[in-house]
Amino acid sequence: MSEDGRRWYDDEAGPLVRLYAMTSGRARPAGGEPFDLMTLVHGCRPPERAPLLSPEEALLHRLCTARPHPVADMASDAGLPLAVARVLLGNLLQAGLIRVTPPVPPAQLPDPRILKRVIDGLRAL
């Protein structure tokens, strides 16, 4: 209850769904490997016998079908906590409804000094 005596959950709040109900009690994605915040998620065309999706899973699938989205943006756009979005994305990945592209590790990115020299060389042309 709040300080003024009202209940925190009341009729105006609408239906309340516990987060563990959306993820079947799981806290980690089905594959065990958590999604990085910047992992790009690409939606795939659902197979003929696609599994029945929850409303949240269907929303995540729709978000990434139009164009790839990072995991962090998908969680935000769907209004879901990041942990819940990761578990639901794991379900979609196992069902073959999405594919993911992990971000490039910083150690594999080109040296910024080299890029600056290339840009300077192009400007000199």
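Helix 3 and helix 4 are roughly perpendicular to each other in this predicted model. Helix 3 covers residues 71-78, and helix 4 covers residues 82-94. The angle between them is about 110°, and their axes lie 9 Å apart. An angle from 65 to 115 degrees counts as roughly perpendicular, so this pair qualifies. Where they pack, helix 3 brings Val71, Ala72, Met74 and Ala75. Helix 4 answers with Leu82, Ala85, Arg86 and Leu89.

Helix 4 has another partner. Helix 2, residues 55-66, packs on helix 4 at an angle of about 75°, with the axes 10 Å apart. Helix 2 and helix 4 are therefore roughly perpendicular to each other as well. From helix 2 come Glu56, Glu57, Leu60 and His61. From helix 4 come Ala85, Leu88, Leu89, Asn91 and Leu92.

Now look at Leu89. This residue sits in helix 4. Leu89 takes part in the contact with helix 3, and also in the contact with helix 2. Is Leu89 buried or exposed? Its relative accessibility is 0%. Buried means under 20%, so Leu89 counts as buried. Leaving aside residues up to four places away in sequence, Leu89 touches Phe35, Val41, Leu60, Val71, Met74 and Ile98. Of these, Val71 and Met74 belong to the helix 3 side of the packing, while Leu60 belongs to helix 2. Arg99 is 10 residues from Leu89 along the chain, and the C-alpha atoms of the two are separated by 9.7 Å.

Leu122 counts as exposed, because its relative accessibility is 57% and the cut-off for exposed is over 50%. Leu122 is part of a nonpolar surface patch. Ile114, Val118 and Leu125 make up the patch together with Leu122. Its area is about 460 Å².

How many salt bridges does a search of the whole structure find? The search finds two. One joins the side chains of Lys116 and Asp120, at 3.2 Å from N to O. Both residues lie in helix 5, four residues apart, which is about one turn of the helix. Asp120 is partly exposed, at a relative accessible area of 34%. In the other salt bridge, the side chains of Asp111 and Arg113 meet at 2.8 Å, N to O. Asp111 counts as partly exposed, with 28% relative accessibility. Arg113 is exposed, with a relative accessible area of 61%.

Definitions and conventions
Residues are numbered from 1 along each chain as its sequence is written. This is a predicted model: local features need pLDDT of at least 70, side-chain atom pairs count only at pLDDT 80 or more; totals for chains, interfaces and linings use all residues. Side-chain values use heavy atoms; hydrogens and water are left out. Patches are made of residues with over 30% relative accessible area and no salt bridge: like charges are joined within 9 Å, nonpolar side chains (Val, Leu, Ile, Met, Phe, Trp, Tyr) within 5 Å. Accessible areas come from the Shrake-Rupley method with a 1.4 Å probe; for residues, only the protein chains shown count as cover. A salt bridge is a side-chain nitrogen of Lys or Arg within 4 Å of a carboxyl oxygen of Asp or Glu. Buried means under 20% relative accessible area, exposed over 50%, partly exposed in between (1.4 Å probe, protein chains only). Axes are lines fitted to C-alpha atoms, for helices over the stretch in contact, and angles run from 0 to 180 degrees between N-to-C directions. Helices (H or I, at least four residues) and strands (E, at least two) are DSSP runs, numbered from the N terminus. Angles under 35 degrees count as roughly parallel, over 145 as roughly antiparallel, 65 to 115 as roughly perpendicular and the rest as oblique. Contact means heavy atoms within 4.5 Å.
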